[in-house]
2 protein chains.
Amino acid sequence: MEQLKQRILTDGKSLEGGVLKVDSFINHQLDAHLMMDIANEFVARFNNGEGITKIITIEASGIAPAIFVGYLLNVPVVFIKKSKPKTITTAALTTSVYSFTKDKYYDMNMNAEFLNANDRVLFIDDFLANGNAALGVLDLIEQQKAQLAGMGFVIEKSFQKGYKRLKEKGIKIVSLARISSLENCQIQFAE
Amino acid sequence: MEQLKQRILTDGKSLEGGVLKVDSFINHQLDAHLMMDIANEFVARFNNGEGITKIITIEASGIAPAIFVGYLLNVPVVFIKKSKPKTITTAALTTSVYSFTKDKYYDMNMNAEFLNANDRVLFIDDFLANGNAALGVLDLIEQQKAQLAGMGFVIEKSFQKGYKRLKEKGIKIVSLARISSLENCQIQFAE
């Protein structure tokens with residue numbers, strides 16, 4: 001997605017240690033019109049959302065792109081919580097995920113009522129890096145015997161192993177900006 | 001907002017201890033079209049957004065209504081983080097907030113670059129209860145000598161002290177559904 005790549009080059013910052021900072025427009029301060037454009041692109045690349053009954057994302061940075069996709073497809077959006085709120089009183093659907101960035105495990109929680117065997121899910125998130133969060137979501141979907149339509153990421157760090165791990169499972173992956181390298185703090189896109 | 005009140009009566013659940021559960025359409029599973037309607041209502045009730053340069057909210061449940069308001073007004077949306085991410089490398093703007101629900105203090109963090117003295121801020125959140133989070137946001141705004149245009153809440157628990165505390169500070173408050181009582185697990189709206 002050319003507009004997104006240009007914006008990453010203009011406003012993104014590549015920090016030491018392979019960190020791509022996009023907090024001025026994607027994951028702290030948000031450009032809502034860019035998010036709508038991103039959502040339109042996801043919808044187009046997932047067959048205009050054909051057959052999709054639910055959008056799933058993870059709090060907090062995935063919510064903005066996911067809610068616009070849900071708006072365009074007119075289907076519910078569920079965001080997975082990293083802590084278990086007291087309002088999940090009934091069946092909690094849960095899985096444990098290792099965070100490479102934070103070097104610790106955390107739980108992903110959702111209310112099991114919001115996902116069932118009739119659902120066909122599109123998972124949307126801001127970043128694909130090692131793929132652990134995405135695999136956690138896949139686990140939740142499999143626990144409920146729901147179907148996965150595919151996974152859409154705003155930015156993919158193609159030099160990390162997430163893409164390969166998801167691809168091996170036969171998942172349809174759409175990443176709108178694929179970054180092949182952040183070496184020497186230079187942002188390089190994959191072809 | 002009549003549509004919202006009807007939805008709360010249909011899909012909301014009032015639990016023991018004054019908990020209003022709206023996780024099937026507002027703060028876990030999200031109805032994106034309802035969120036857009038909510039955003040339109042906020043815009044109308046804040047003079048079509050006149051003079052507003054920025055929307056501020058708090059992760060995670062505030063993001064959905066806030067991003068649609070930002071979309072309609074075409075201004076940036078910043079969500080305050082409850083943990084300090086490593087990408088906030090420069091000046092972090094921070095304040096400590098007491099959570100009545102969790103009975104503990106937590107920090108609200110944002111990148112100070114995203115709020116300055118020229119900003120006129122509309123704060124949007126899902127719930128107004130005791131008002132501690134809203135007062136924390138007011139502190140951040142005052143630290144940066146920015147202006148507050150007002151605060152918009154999807155649901156106000158009018159029987160808690162938040163409304164009074166904010167009103168005493170002369171803040172313009174718009175709550176789209178005002179709940180006067182949850183006694184005996186019955187949802188009562190204020191006039």
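Angles under 35 degrees count as roughly parallel, over 145 as roughly antiparallel, 65 to 115 as roughly perpendicular and the rest as oblique. Angles run from 0 to 180 degrees between N-to-C directions, and axes are lines fitted to C-alpha atoms, for helices over the stretch in contact. Helices (H or I, at least four residues) and strands (E, at least two) are DSSP runs, numbered from the N terminus.

The model is predicted: local features need pLDDT of at least 70, side-chain atom pairs count only at pLDDT 80 or more, and totals for chains, interfaces and linings use all residues. Residues are numbered from 1 along each chain as its sequence is written, chains are lettered from A and ligands numbered from 1 in the order in which they are written, and side-chain values use heavy atoms, with hydrogens and water left out. The pLDDT is the predictor's confidence in each residue, from 0 to 100. Its average over chain A is 95, and 97% of the residues score at least 70. The ipTM is 0.96 and the pTM is 0.97.

Two packed helices are described by the angle between their axes and the distance between the axes. In chain A, helix H2 (residues 32-45) packs against helix H3 (residues 63-73) at about 55°, with the axes 8 Å apart. H2(A) and H3(A) are therefore oblique to each other. Contact means heavy atoms within 4.5 Å. On the H2(A) side, the contact residues include Met35(A), Ala39(A) and Phe42(A); on the H3(A) side, they include Phe68(A), Val69(A) and Leu72(A). This contact of H2(A) with H3(A) has 14 nonpolar, 1 polar and no charged residues. Here Ala, Val, Leu, Ile, Met, Phe, Trp, Tyr, Cys and Pro count as nonpolar, Asp, Glu, Lys and Arg as charged, and the others, Gly among them, as polar.

H2(A) also meets chain B. Its axis comes within 8 Å of that of helix H3 (residues 63-73) of chain B, and the two cross at roughly 105°. H2(A) and H3(B) are therefore roughly perpendicular to each other. Ala32(A), His33(A), Met35(A) and Met36(A) of H2(A) touch Ile67(B), Gly70(B) and Tyr71(B) of H3(B). The contact has 5 nonpolar, 2 polar and no charged residues.

Strands pair if DSSP finds at least two bridges between them. An open sheet of 7 strands runs E11(A)-E10(A)-E9(A)-E8(A)-E4(A)-E5(A)-E3(B), with mixed pairing. E8 (residues 120-128) and E9 (residues 147-157) of chain A run parallel and share 8 bridges. Ile124(A) lies opposite Gly152(A) in E9(A). H3(A) packs on this sheet, and its direction makes about 175° with that of E4(A).

Elsewhere in chain A, 8 bridges join the antiparallel strands E6 (residues 92-99) and E7 (residues 104-111). Leu93(A) has Met110(A) in E7(A) as its bridge partner. E6(A) and E7(A) form a hairpin with 4 residues between them, and Asp103(A) in the turn has a positive phi of about 50°.

Another open sheet of 7 strands has the order E3(A)-E5(B)-E4(B)-E8(B)-E9(B)-E10(B)-E11(B), again with mixed pairing. Strand E3 (29-30) of chain A and strand E11 (188-189) of chain B each have a single partner strand, so one side of each is left without a neighbour in the sheet. E9 (residues 147-157) and E10 (residues 173-181) of chain B pair in the parallel sense over 6 bridges.
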